Every structure is written in C-alpha cells, then in structure tokens.
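Notebook open, structure on screen. I went through it piece by piece and wrote down what I looked up.

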Amino acid sequence: MVKYFKNYLCQNLYFMFTAADFIPNKYTSTIENGNFEWSAPSNIALVKYWGKKDNQIPANPSVSFTLNNCKTITKLGFSKKSISTSLNVTNDGFSFDLLFEGKPKEDFKPKIQKFLERVEVYLPFLKDYHFTIDTQNTFPHSSGIASSASGMAALAMNFMSLERKLNPEMTEDYFYQKASFLARLGSGSACRSVKGNVVVWGNQANIQGSTDLFGVEFPYTIHENFKNYQDTILLVDKGEKQVSSTVGHDLMHNHPYAKRRFAQAHENLDKLIAIFENGNLDEFIKVVESEALTLHAMMMTSIPYFILMKPNTLEIINAIWKFRQETQIPVCFTLDAGANVHVLYPENVSEKVLQFIQDKLVVFCQNSQYICDKIGHGAIAL
Ligand code: PMV
C-alpha cells in the first residue's frame with residue numbers, strides 16, 4: 001500500500017495518513033433515528049486538479065478559494081432498519097430516498113449509490129439505516145456551475161455527523177479530515193469544500209500537512225489583499241457539460257504533455273505560497289490566468305480533443321485584459337472545465353469592477369446572468 005508521508009505535524013512528530021486510518025473501530029454508541037442538515041459551498045480552483053489515479057488520488061496538487069454564496073444545502077434523515085425489515089430485504093443493500101428541491105429525483109440516485117458503495121468500508125453503518133437525502137442548491141441547477149463539489153461535501157458532512165453520534169469521542173480534526181476524505185471519494189474537488197478559505201489538496205513538498213487523501217487549510221500567511229476576495233461568475237453557457245470531469249481526468253492518461261503539466265502544478269503552488277504571503281496581485285494574476293488556460297490547453301491537446309470555451313468566453317477574457325491594461329485594476333479570470341468565466345478581484349475595487357461587468361461583460365452572458373460570490377469559510381451545520 002502506498003504510504004503518505006509528512007501529512008500532519010504534531011509536537012514535532014510526523015504522522016503518515018493512510019486510507020486505513022479512516023476505517024473506524026467498533027462504535028461505542030447507538031442511535032435509532034434523527035436528522036442533520038449541513039450547507040457546503042462550491043470552490044474555485046486557482047491551481048487546477050486535472051488528472052487522477054485510482055481511488056480519486058489526484059495526479060497533481062491543487063489549491064482553491066472556498067466560495068460563500070454558491071452552496072448546496074442537504075438534510076439527511078435516518079432511521080434504523082428493524083431486524084425484521086432487514087431480514088425481508090432480499091437485496092440487502094443501501095436504502096435511501098433522494099429528494100431534490102423537495103421532489104423525488106431518480107436520475108441523481110445512481111451517483112449517490114456509487115458514492116455509498118465507495119465509502120461503505122469507511123462508514124460501516126450505512127446499510128443499517130434507511131436515509132432520506134433532501135438536497136437543494138442556492139444557485140440555479142442549470143447554471144453550468146458544477147454542484148458535485150458542494151453536493152458531495154454537504155452529504156459527507158451529514159454522514160460524519162451521524163458517525164460522530166456513534167463515536168462521540170471523535171476529535172474535531174478527525175471529523176473534518178474524514179469529511180473531506182469522504183467528499184473526495186464522491187467528487188475529487190469536493191474535498192476542498194469542507195473547511196477553510198484557501199484549501200490545498202494533494203501532496204506538495206513545500207506545504208506542510210498537504211496530502212492526496214483530503215483537503216487541508218492553507219497553513220501559511222495569507223496577505224490582507226486576499227481578504228474577502230471577490231468572484232463574480234459570468235454564466236456564458238448554461239448547457240450540460242460537453243465533457244464530464246470523469247472523461248476529462250481520463251484524457252490525462254497518455255496525454256503528451258501530462259508529465260510536464262503535473263510538474264507545473266507543483267511549481268505554481270510554490271509561486272502561490274510566496275504570493276499569498278507578499279500579496280503581489282500582478283504575480284497572482286499571472287499564475288491564475290495561466291492555470292485556467294493550461295487546463296483548457298490540456299483539453300485541446302488530448303485525443304479526443306475538446307474546446308470548452310465559447311466565443312463569448314474569449315470576448316470576456318479580451319475585455320478583462322483591455323480593462324486591466326487601461327485601468328491597472330488587478331482583476332483577472334479563471335475557468336472551470338466549461339465556458340463560464342470566474343472574474344476574480346480584491347474587495348477594494350469591487351465597485352469599479354462591478355460597474356465594468358455591467359457595462360461591458362453582461363452582454364456576453366446568457367440571459368445577462370451572473371452570480372456575485374466571494375471567498376467563504378466552508379461547510380456549516382444548520
Ligand atoms: O472534482 P471533479 O472531478 O469534478 O474535477 C474538477 C476539475 C476542475 O474543476 C476543472 C478543476 C478543479 O481543481 O476544481
């Protein structure tokens with residue numbers, strides 16, 4: 001088994017986390033039924049995760065800003081299956097109902113089923129209960145904003161709340177680490193949506209505590225310039241994703257530039273360590289925009305190849321560059337694996353940038369839609 005070194009520094013001792021650390025011992029308490037509710041935010045990567053190994057292990061480290069307004073709110077109802085019921089169940093599998101915005105949503109179920117199968121070894125109580133998972137997003141479902149990160153993080157938080165009832169001695173650190181670990185198994189980037197403003201996922205030599213297994217809060221100084229950093233998401237194309245992230249990550253296997261790209265992610269994280277400390281926004285912009293374009297360049301140079309930007313994505317990028325050149329206002333863009341544009345800028349230029357967005361960029365958005373968000377703190381128990 002692969003060992004993960006240097007994950008956690010405590011009293012000058014290095015602990016090595018392995019996935020086996022998240023397999024619980026015998027539980028000390030019981031609970032019959034109840035419910036929990038958590039919200040978990042989306043996140044926007046600055047250094048992108050693109051490419052993975054087995055078991056959702058990232059091919060390179062990544063770092064993201066946690067968002068504040070774009071989130072999923074999930075309520076988990078649970079009741080213990082009675083012995084007679086479970087004897088009657090021929091296919092003694094997982095038992096759950098799934099509601100989206102209060103209504104049954106059958107087409108979300110396979111993804112949840114797969115998640116439960118993946119995490120069962122870490123949450124051995126899953127087959128003992130019937131669950132009702134009732135979920136909703138604060139952003140429009142068909143906005144092109146991926147809800148898998150916030151959705152999987154919110155679900156993982158709820159399951160950890162249940163596990164904490166079964167094991168009340170659990171520490172706060174373990175609670176959040178394991179929640180992130182579980183969220184990762186649902187959707188890789190979801191592990192960065194659990195706790196903290198700036199979250200690193202993936203082992204990086206110069207970031208103490210970083211691990212492939214779960215997201216950790218960026219452990220070093222973050223300059224005032226990044227406080228309340230703003231992210232306005234311009235909805236350019238609200239359609240279904242052309243390429244699912246599963247297919248996308250797969251494209252990095254045998255990709256001609258993969259090796260160099262993975263090394264570059266480590267280098268860009270090194271640059272960000274310094275930038276977060278000194279607050280140099282010009283350097284920040286260079287790393288962030290280069291990362292966004294590299295992500296898309298990887299898609300354009302894979303076989304099969306994809307162009308996920310739309311003409312209006314390019315219009316927006318060019319308008320941002322022109323505005324930045326003319327005003328010297330440190331506004332920049334980043335992209336996910338789609339056509340929407342995240343416009344990133346410090347809080348003290350908000351008014352000017354929002355005016356610019358209104359005047360020059362809204363015209364490129366589908367139905368003039370955009371979402372104002374900013375850096376947030378992570379999941380919240382409701
Ligand atoms: O978590 P996934 O498998 O949906 O992958 C997300 C990949 C990107 O959003 C493109 C980049 C990232 O690091 O979030």
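Predicted model: local features only at pLDDT ≥ 70, side-chain atom pairs only at ≥ 80, totals over all residues.

Entry 1: I started at D231, which stands opposite L344 in β14.

β12 and β14 run antiparallel and are joined by 5 bridges. β13 pairs with β14 (residues 341-345) over 4 bridges, again in the antiparallel sense. One more pair I noted there is T334, whose bridge partner in β14 is H342. The link between β13 and β14 is a hairpin, made through 5 residues.

**Entry 2: the whole sheet.** In what order do the strands of this open sheet come? I read it as β13-β14-β12-β15, 4 strands with antiparallel pairing. At the edges I found β13 (332-335) and β15 (370-374), each of which pairs on one side only. From one strand to the next, the twist averages 25°. A reminder to myself on what holds such things together: strands of a sheet pair through backbone hydrogen bonds.

Is β14 covered or open to the outside? Mostly covered: 5 of its 5 residues are buried. I looked at the two faces separately. V341, V343 and Y345 are buried on one side, and H342 and L344 are buried on the other.

**Entry 3: helices on the sheet.** α7 (residues 281-300) lies across β13 and β14 and runs at about 30° to β13. α8 (residues 311-327) packs on the sheet too, touching β12 (230-234), β13 and β14. The direction of α8 makes about 155° with that of β13.

I checked the length of α7 while I was there. Its 20 residues should span 28 Å at 1.5 Å a residue, and the end C-alpha atoms are 28 Å apart, so the two agree. At the N-terminal end of α7 I found a cap: a side-chain oxygen of N280 lies 3.1 Å from the backbone nitrogen of D282.

**Entry 4: β10 and its neighbours.** I moved to β10 (residues 198-201). Both faces of this strand are covered, with V198 and V200 buried on one side and V199 and W201 buried on the other. Which strands does β10 bridge to? One is β6 (residues 62-80), joined to β10 by 4 bridges and running antiparallel to it. The other I noted is β11 (residues 215-217), antiparallel as well, with 3 bridges. For actual pairs, I wrote down F65 opposite V198 and V200 with its bridge partner V216 in β11.

**Entry 5: V194.** I found V194 in the loop between α4 (172-186) and β10. Why call it buried? Its relative accessibility is 2%, and the cut-off for buried is under 20%. Beyond its neighbours within four places in sequence, V194 is in contact with A153, M157, Y176, A179, S180, G378 and A379. I also took a distance to E217: 23 residues away in sequence, 9.5 Å away in space, C-alpha to C-alpha.

Entry 6: T74 sits in β6. It is buried, at a relative accessible area of 2%. Leaving out neighbours within four places in sequence, I listed its contacts as F36, E37, W38, I133, D134, T135, A154, L155 and N158.

I looked at α3 (residues 148-166) next. It has 19 residues and reaches 27 Å from first C-alpha to last, close to the 27 Å expected at 1.5 Å a residue. Is α3 enclosed or out in the open? I'd say largely enclosed by the rest of the structure, because 16 of its 19 residues are buried.

**Entry 7: the ligand.** Last stop. Which of the 13 residues around the ligand come nearest? I got Y49, S189, R192, S245 and H249. R192 has one 2.7 Å from an oxygen atom of the ligand. For H249, an N or O atom in the side chain is 3.0 Å from a ligand oxygen. S187 puts a polar side-chain atom 3.3 Å from an oxygen atom of the ligand.

How values were computed:
Residues numbered from 1 in each chain as written. Heavy atoms only, no water. Pairing = 2+ DSSP bridges. Helix = DSSP H or I, 4+ residues; strand = E, 2+ residues; numbered from the N terminus. Axes fitted to C-alpha atoms, helices over the stretch in contact; angles between N-to-C directions. Contact = heavy atoms within 4.5 Å. Expected span 1.5 Å × (residues − 1). Buried < 20%, exposed > 50% of the residue type's maximum accessible area, 1.4 Å probe, protein only. Near = heavy atom within 4 Å. Polar contact = N/O pair within 3.5 Å; in protein donor to acceptor, adjacent residues only side chain to side chain.
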